[in-house]
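I opened a new page for this structure.

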Amino acid sequence: MDDNGRANLSQNPHVIPVITKEEIDQDRKDKLDRKRYEMTILQAEITELERGAQYE
């Protein structure tokens, strides 16, 4: 069993793990948060490059 109480597939290959709607929603939220973080970093890099271009 894993931390969520699911059977380990290597122990019993006939057990199909159940993924709840909450887990799917949380996964989507995590992916969206990650994309927002990446966009923030990219926007900061663009701003930095634009500032550098102004002084050249």
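Accessible areas here come from the Shrake-Rupley method with a 1.4 Å probe. With that in hand, I looked up the surface. The protein exposes about 5600 Å². Carbon and sulfur atoms supply 56% of that area. I note that this is a predicted model.

Entry: overall make-up. I checked the secondary structure next. The protein has 1 helix and 0 strands. Then I asked what share of the 56 residues counts as buried.

Entry: salt bridges. How many salt bridges does the structure hold? I found 6. I followed up some of them.

Entry: Lys29 and Asp33. These two form a salt bridge. Their closest N and O atoms are 3.0 Å apart. Where do Lys29 and Asp33 sit in helix α1? The helix covers residues 21-54, and the two are 4 residues apart in it, so about one helical turn separates them. Lys29 has a relative accessible area of 44%, so I logged Lys29 as partly exposed. Asp33 is at 32% and also counts as partly exposed.

Entry: a network. I checked which residues link up with this pair. Lys29, Asp33 and Arg36 are joined in a network of salt bridges.

Entry: Glu38 and Arg34. I moved on to Glu38. Its side chain meets that of Arg34 in a salt bridge, at 3.2 Å from N to O. Both residues lie in helix α1, 4 residues apart, or about one turn of the helix. Glu38 is partly exposed at 29% relative accessibility. Arg34 is partly exposed as well, with a relative accessible area of 49%.

Entry: Glu38 and Lys35. Glu38 also meets Lys35 in a salt bridge. The N to O distance is 3.8 Å. I checked it against the cut-off, which asks for a side-chain nitrogen within 4 Å of a carboxyl oxygen. Glu38 and Lys35 are 3 residues apart in helix α1, about one turn. Is Lys35 buried or exposed? Lys35 has a relative accessible area of 51%. Exposed means over 50%, so Lys35 is logged as exposed.

Terms used:
Residues numbered from 1 in each chain as written. Predicted model: local features only at pLDDT ≥ 70, side-chain atom pairs only at ≥ 80, totals over all residues. Heavy atoms only, no water. Buried < 20%, exposed > 50% of the residue type's maximum accessible area, 1.4 Å probe, protein only.
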